Amino acid sequence: MRLMQETVLANTADSAVLDQLRTRLNTALRGKPDVVELVILGLLANGHLLLEDKPGLGKTTLARALAAAVGGRLARCQCTPDLLPADITGFSLFNQKTQEFEFREGPVFAEVLLADEINRATPRTQSALLEAMAERQVTVDARRYLLSPQFLVIATQNPVDQHGTWPLPEAQLDRFSMKLSIGYPAPEDESQMLLLATRQQLGTVPDTPLFSPGQLAAVQAAVAGVSASEAVRDYMVRLAGTTRRHASVPLGLSPRGLLTWLRVSQARAWVQGRSFVSPDDVQDTALPVLNVRLGLSMQECVGVVEEILSQTPVPEYTG
Amino acid sequence: MSAEIPLRGRVRSTSRPLLGNSAVAVGGVSRPAAVETQERGVHALTVVLALLANLVFLTTEADGQRSNASLCLQATLESLLVLMAVIVVQRGRGWFAAHPLQLPLALIVLVGSLLWEPLQRLVFETGRPFELLVMHSQKNLMLALAVLGLTAGFRRLSVFIGVAICIFCCALARETRVLWLAAAYGMLSISWLMASYWSGLQGRMLPGQRTRLPRRWLLAAPILGLLTAAGSAGGGHQVISAVRGFLPGSGGDGEYDEFARGGVNDGDALVAGKDDIRSFGPLEDAPFADSDKPSLYDVVNDRFDEPVRRNRTFQPAVALPPELMAEVRQRLSEVRQAGREFSLVRRKRTQERRRARAVSGAAMFYVAGRTPLHLRTEVYDIFDGINWYPEGSPSDAIPLQLVHVAGKPWLKLPHGPRGLELFTHTDQHVLRPVNLRSPVIPGPLDLRQLHIDRVERPDMFAWHAPGVVRMTGETLPDLVPIRLLSEVLDPERLRESSGLLFASGREVLEQSLPEDPQMNHIRQLALEWTSGLPRGMQQVDVICHRLRTEFQCVSNTSATEPSEKPLTDFLSDRRGPEYLFASSAALMLRSLGYSTRLVSGFYVRPERYEPRRRQTPVLGEDAHFWCELLAGPGTWITVESSPGYEVLLPPPGLLERLYSSLTGLLQLARQHWFLSGSMFAVLAVCIYQRLFLRDALQTLIWQLFPAAAERGRVQQTVRLMERRLALVGLRRPAHLTLRRWLAGLPLQQPVAVKTLAELADAAAFGEFGGESTVRSDVWRVCNQLQQQLNLQCCRVAAERRRASMAGVVHDGAAAGFVPSVSTFPLGTLSSG
């Protein structure tokens with residue numbers, strides 16, 4: 001029996017949808033429940049995700065499954081060096097009949113944008129996403145177009161093959177909420193995967209949306225309402241300050257990054273059934289949140305984050 | 001094993017950000033709760049100090065005129081009043097922050113205390129003297145400031161006034177317990193200083209920097225101070241006297257302060273008494289009074305019976321030069337006429353006569369300074385087999401000089417050249433004759449300077465014997481302090497010295513032995529005792545040691561008929577009075593070729609020391625004989641051969657004091673063996689079961705003082721659990737959350753652990769309680785947690801953790817807290 005039976009999350013419909021989402025994503029990406037949980041946190045925190053790993057590990061599959069579950073339009077953009085900004089944001093086309101320019105929406109107007117191999121796009125094209133990701137709007141021909149409030153970018157990139165790629169700039173990275181690595185599945189999961197392939201059951205994930213219209217927005221609003229006490233806020237500020245003073249960190253945590261971290265922590269607290277953020281939420285989401293914005297490799301980041309957390313005392317429990 | 005811990009309450013949801021309940025915004029900057037907690041602690045300590053100072057004042061004011069019960073009642077009532085006021089002020093912190101009325105309130109208390117006095121005198125016809133009235137108003141101001149001490153300034157002022165009150169009371173009070181209370185105040189104020197400093201430091205630290213108040217040192221520092229003071233006190237009167245030497249005085253300790261107030265300490269500005277002048281300390285301006293007092297002759301005879309006059313001719317065993325022999329005969333003739341010789345043949349007096357002439361009961365003079373002390377009055381060098389004849393006074397070729405030191409006249413006693421550097425320390429003693437009719441000034445060996453206030457003429461003094469000075473009048477002035485400055489020989493340096501000659505070539509008489517059959521016996525015994533030993537201090541030591549250990553000292557001769565061979569009888573009977581011990585030692589050493597002399601005088605016994613008057617009385621029964629040995633040119637040393645008497649040593653060093661304290665403590669423990677054994681056993685049990693006892697105490701406090709609100713109760717429980725874990729060595733690292741720390745521990749109560757972590761999180765970071773939370777459920781769950789996660793459970797977990805760490809089975813959850821992507825410990829909603 002749980003200690004706290006009624007929480008802010010005590011909405012049966014939301015709970016059921018979340019379970020279904022978890023099941024569906026775990027079906028699409030087998031043997032990686034922890035990554036699935038982080039992806040769910042990113043979705044609930046209304047943040048964008050960067051999946052960085054080797055080819056063939058299921059990045060795109062996961063992104064497609066998530067997009068399908070969220071509902072709405074899914075736009076996939078295969079980033080290549082010849083991809084232009086207008087190919088992402090959209091462009092104005094002169095209509096001969098009406099003798100007027102008409103705006104043709106790009107993929108950013110979908111609810112979920114899957115930017116595959118994002119580091120293969122040129123910096124000019126990558127920059128086209130800056131405004132969209134940060135402000136959920138695009139400006140074309142001096143005209144502002146609002147995107148969906150649940151606009152979600154799931155970008156993937158390959159850390160191995162760096163030939164002909166452009167690393168994402170820090171400003172772009174800071175707009176992602178988390179950077180996740182999937183990693184190779186465990187041998188038993190791979191065996192199971194092969195078995196399903198022989199039965200032609202692999203990849204048969206339903207593409208029906210799980211969230212009813214407005215439900216995801218409501219859940220994201222509830223997540224944003226999870227409280228963070230002054231002690232926890234002070235703890236996060238101290239952690240951010242430590243990242244800025246750390247000798248190994250080239251780029252400390254920005255205030256936008258700190259806000260993102262808080263939102264992800266709120267999502268974790270909400271998923272845990274709590275109406276408040278605890279230091280555990282902050283610590284547990286530290287690595288994926290900081291991994292994308294400290295300018296370090298994955299291996300370096302693990303050590304640095306551990307060091308930062310060990311140097312910063314948690315708030316007192318007894319006042 | 002684990003049980004379900006259901007709770008029918010809930011953590012209320014909220015959409016607004018929560019403020020920490022203990023956070024107070026000051027100047028736009030929020031203050032951490034830790035700072036608030038520490039400030040409250042300092043405030044509480046300030047109140048305790050104020051109450052202690054209040055008790056000091058009340059005790060002083062009572063001046064022993066009120067019963068203890070009435071005093072306790074008043075102190076208790078005032079303390080309760082203060083505590084209630086503190087509670088009111090603490091609860092109204094916010095109000096006082098908005099309305100800074102502390103200063104006007106404190107001033108009202110001060111003025112009210114002063115205005116109350118005329119009213120009291122008018123209505124109740126009682127009142128206080130002016131100085132007590134002032135201090136009474138200050139005391140009330142101190143209490144008011146302590147009560148209103150929400151800011152550091154008020155607290156500091158309160159403690160400052162408390163210190164002033166304690167100093168005032170110590171100067172005024174006549175009761176010893178005031179000093180003890182003031183000492184306790186001093187000890188506690190050390191803790192206050194530390195806590196106050198730490199509290200101020202905490203408020204000035206940068207965000208992100210944290211420090212812990214060293215709570216152990218808050219207790220340890222005063223206890224160490226207390227132990228040091230107790231250790232010094234345990235060293236006996238010598239140590240106390242030595243410690244006093246470091247303290248300033250107004251003249252009593254040799255320091256002189258022209259600004260010293262009359263009536264303070266025992267200085268030279270002390271006001272003379274009127275009724276019983278002898279009850280006061282040494283006085284410079286006391287009136288000279290004549291009375292029927294015993295002379296030195298009476299004292300010696302009363303102490304050692306009356307001599308039997310038998311004139312003998314001095315026949316030295318070795319031939320002396322003719323001119324010296326003539327001088328000796330002249331001197332002996334003069335001495336016999338003056339009756340200054342000392343005979344070893346003495347007759348026991350009848351009881352009636354003894355009672356009629358007894359002078360031993362009253363103090364003859366008082367000595368302030370280190371003891372034990374040998375004060376010389378007569379020096380004997382010639383022995384004819386029965387009588388000792390005093391040595392002649394130094395010739396006028398060695399004039400006494402008067403020098404002025406700090407405006408005071410000091411008589412300087414010159415001494416001849418010395419070949420040895422054995423003196424390491426200069427001692428000062430103050431003599432105050434009260435009942436002695438003699439012009440001879442008793443002084444220690446190696447007396448160097450002498451001071452009697454207002455006596456500025458050297459011709460008022462004359463030599464009496466080597467190193468002994470007398471006044472030219474008939475007797476010493478009564479009650480006039482005589483300050484003596486002497487050098488103290490270091491016995492260790494003496495024994496390590498390689499230049500000891502034990503002769504200077506001139507002391508022929510000090511080596512002379514009479515032609516007497518007793519001398520053969522003495523010589524044989526000396527050779528027997530020192531056979532195989534080299535010439536030097538070893539021979540001296542063994543003679544003294546055997547005399548002190550194998551012979552019995554009796555105050556008077558037991559035989560009614562005087563013995564013709566007192567020394568032979570003494571050496572065969574192995575018992576006798578002190579002069580026989582000293583004579584035997586002197587003659588045995590002479591027979592071995594050493595230069596010795598017999599000395600008579602007084603022995604200042606340390607056991608007679610009166611701590612309150614800081615002086616030692618010397619009675620007639622303290623008349624004493626001892627021996628002096630020539631160690632080298634101009635260097636005589638005291639040789640004490642009588643059991644029960646000690647020689648003054650240089651002041652002890654720190655280690656010696658500690659050793660003395662320790663041995664004193666051990667001696668005390670041995671005297672009260674049952675009590676000390678019981679205490680030791682209880683202490684051993686307490687130490688062995690210290691974890692259990694500490695936990696029991698903490699649990700008792702947890703049970704006796706529950707918080708009023710649910711959140712507070714949960715936080716109390718969390719604190720208790722954390723302390724319990726810390727007791728068994730599982731103190732949570734500051735950077736680990738409670739949930740993660742508990743999850744990493746091999747505790748066998750998973751449900752309780754989970755519940756505790758959830759409750760701790762909710763109480764600390766959530767909005768706990770509310771209308772839907774059932775108070776009894778919170779209490780019940782906390783009780784169950786306390787019972788399930790008991791000390792035994794924590795001990796088992798600690799042992800298992802140690803075993804797992806020894807086996808390098810590292811617990812990842814306990815040590816590393818950064819979840820890798822592949823092991824992210826995120827719970828799921830459905831599995832929750």
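Reader: How many helices and strands are in chain A?
Author: Chain A has 13 helices and 9 strands. Keep in mind that this is a predicted model.

Reader: And what share of chain A counts as buried?
Author: Of its 319 residues, 49% count as buried. As for contacts in chain A with a separation of 6 or more, 76% of them come from residues 24 or more positions apart.

Reader: Why does A:E230 count as partly exposed?
Author: Because A:E230 has 19 C-beta neighbours inside 10 Å, and a residue needs 20 or more to be buried.

Reader: Switching to helix packing. At what angle do α8 and α10 of chain A pack?
Author: Helix α8(A), residues 215-224, and helix α10(A), residues 255-272, pack at about 105 degrees, with their axes 8 Å apart. That angle makes α8(A) roughly perpendicular to α10(A).

Reader: Which residues meet there?
Author: From α8(A) you get A:A222, A:V223 and A:A224, and from α10(A) A:R263, A:Q266, A:A267 and A:W270. By type, the residues of this contact are 5 nonpolar, 1 polar and 1 charged.

Reader: OK, cores. How many residues does the largest nonpolar core have?
Author: The largest nonpolar core has 123 residues, and the ones with the most contacts inside it are A:V39, A:L66, A:I154 and B:L756. Helix α23 of chain B, residues 750-765, gives the most to this core, with 10 residues. There is also a second, separate core of 91 residues, which includes B:V440, B:L485, B:A586 and B:V639.

Reader: What does A:V39 touch, leaving out residues up to four places away in sequence?
Author: A:V39 touches A:L25, A:L49, A:L62 and A:L66. In general, nonpolar side chains tend to be buried together in soluble globular proteins.

Reader: Now chain B. In what order do the strands of the open sheet come?
Author: The order is β9-β10-β13-β16-β11-β6-β20 in chain B, 7 strands in an open sheet with antiparallel pairing. Its edge strands are β9 (401-405) and β20 (616-619), each pairing on one side only. From one strand to the next, the twist averages 30 degrees.

Reader: Zoom in on β13 and β16. How many bridges join them?
Author: 5 bridges join β13(B), residues 447-452, to β16(B), residues 482-489, and the two strands run antiparallel.

Reader: What about β7 in chain B, is it mostly covered or exposed?
Author: Mostly covered: 11 of the 11 residues in β7(B), which spans 373-383, are buried.

Reader: Which strands does it pair with?
Author: One of its partners is β19(B), residues 596-604, joined to β7(B) by 7 bridges in an antiparallel arrangement. There, B:Y380 has B:L598 as its bridge partner. β7(B) also pairs with β8(B), residues 387-390, over 3 bridges in the antiparallel sense, and B:F383 stands opposite B:W388.

Reader: How many residues sit between β7 and β8 in that hairpin?
Author: There are 3 residues between β7(B) and β8(B), and B:G385 in the turn has a positive phi of about 105 degrees.

Key. Residues numbered from 1 in each chain as written. Chains lettered and ligands numbered in written order. Predicted model: local features only at pLDDT ≥ 70, side-chain atom pairs only at ≥ 80, totals over all residues. Buried ≥ 20, exposed ≤ 12 C-beta atoms within 10 Å, placed from the backbone. Helix = DSSP H or I, 4+ residues; strand = E, 2+ residues; numbered from the N terminus. Pairing = 2+ DSSP bridges. Core = buried A, V, L, I, M, F, W, Y, C linked by C-beta atoms within 7 Å. Contact = placed C-beta atoms within 7 Å. Axes fitted to C-alpha atoms, helices over the stretch in contact; angles between N-to-C directions. Parallel < 35°, antiparallel > 145°, perpendicular 65-115°, else oblique. Nonpolar A, V, L, I, M, F, W, Y, C, P; charged D, E, K, R; others polar.
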